[in-house]
Amino acid sequence: MRPQAWQGWHAWYLFGVVCCFVLVSCRNECQLLEGRDVSPGAMADCLLDQTSRNPTDPDAWVALGVHFHMEGSTGDARTAYGNAIKLSPKSEPAAEAYLHMGIIHHQDGELEEALQAYKSSV
């Protein structure tokens, strides 16, 4: 028979594991669609839904920006990256957003803006 204190700890541990699993599952629901035969529109819908449910999550905005960028919708990608940067300017997601913005500027021949975005990403 186990001591009562251990049983309480065990219950909280299991509760924590379940909560983490749920949070990770919800956060990565769109990533689960990657690699499957899913239309770009369905992926965009999933990512848009994710940003509407979590509008303050910069990672969600970066994921949406990457999707739009890969689909050639650079205007929408710029908007999504800009949202990530506004939410958390000194964060890792913002650095990633700046890097992608630099690539878009570079592709569009906006070299000064590209250089500034690249500098902001480091």
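**Entry 1: helices**

I count helices as DSSP runs of H or I with at least four residues, numbered from the N terminus. By that rule I place Lys86 in helix α4. I note that I am working on a predicted model.

I then listed the elements of the protein chain. I found 6 helices and 0 strands. Read from the N terminus, the order is α-α-α-α-α-α. The chain has 122 residues, and 30% of them are buried. I also looked at contacts between residues at least 6 apart in sequence. Of these, 34% join residues at least 24 apart.

**Entry 2: Lys86**

Is Lys86 buried or exposed? I get 66% relative accessibility, and the cut-off for exposed is over 50%. Lys86 therefore counts as exposed. I looked up its distance to Thr56, which is 30 residues away in sequence. The C-alpha atoms of Lys86 and Thr56 are 9.7 Å apart.

**Entry 3: the nonpolar core**

Which residues touch the most other members of the largest nonpolar core? I find Leu64, Tyr81 and Ala97, in a core of 18 residues. At least two residues come from each of α2 (40-53), α3 (58-70), α4 (74-87) and α5. The top contributor to this core is α4, with 5 residues.

What remains in contact with Tyr81 is Val62, Gly65, Val66, His69, Ala97, His100, Met101 and Ile104.

**Entry 4: α4 against α5**

I took the axes of α4 and α5 next. They lie 9 Å apart, and the packing angle is about 150 degrees. Angles over 145 degrees count as roughly antiparallel, so α4 is roughly antiparallel to α5. I have the crossing of α4 and α5 as left-handed.

I wrote down both sides of this contact. From α4 come Thr74, Ala77, Arg78, Tyr81, Ala84 and Ile85. From α5 come Ala94, Ala97, Tyr98, His100, Met101, Ile104 and His105. By class, I have 9 nonpolar, 3 polar and 1 charged residues in the contact of α4 with α5. Tyr81 and Ala97, noted above for the core, are both on this list.

**Entry 5: α5 against α6**

At what angle do the axes of α5 and α6 cross? I read roughly 165 degrees for α5 (residues 92-107) and α6 (residues 111-120), with the axes coming within 8 Å. These two helices are therefore roughly antiparallel to each other. The crossing of α5 and α6 is left-handed.

I listed the residues that meet here. The α5 side has Tyr98, Leu99, Met101, Gly102, Ile103, His105 and His106. The α6 side has Leu111, Glu113, Ala114, Ala117, Tyr118 and Ser120. By class, the contact of α5 with α6 has 8 nonpolar, 4 polar and 1 charged residues.

**Entry 6: Gly102**

I picked Gly102 out of that contact. Gly102 sits in helix α5. I get 0% relative accessibility, so Gly102 counts as buried. Which residues does Gly102 touch, not counting residues up to four places away in sequence? I find Ala114, Ala117 and Tyr118. These three are among the α6 residues that meet α5.

Key:
Residues are numbered from 1 along each chain as its sequence is written. This is a predicted model: local features need pLDDT of at least 70, side-chain atom pairs count only at pLDDT 80 or more; totals for chains, interfaces and linings use all residues. Side-chain values use heavy atoms; hydrogens and water are left out. Axes are lines fitted to C-alpha atoms, for helices over the stretch in contact, and angles run from 0 to 180 degrees between N-to-C directions. Angles under 35 degrees count as roughly parallel, over 145 as roughly antiparallel, 65 to 115 as roughly perpendicular and the rest as oblique. A crossing is left-handed if the near helix is turned anticlockwise from the far one by less than a right angle, and right-handed if clockwise. Contact means heavy atoms within 4.5 Å. Ala, Val, Leu, Ile, Met, Phe, Trp, Tyr, Cys and Pro count as nonpolar, Asp, Glu, Lys and Arg as charged, and the others, Gly among them, as polar. A nonpolar core is a set of buried Ala, Val, Leu, Ile, Met, Phe, Trp, Tyr and Cys residues joined through side-chain atoms within 4.5 Å. Buried means under 20% relative accessible area, exposed over 50%, partly exposed in between (1.4 Å probe, protein chains only).
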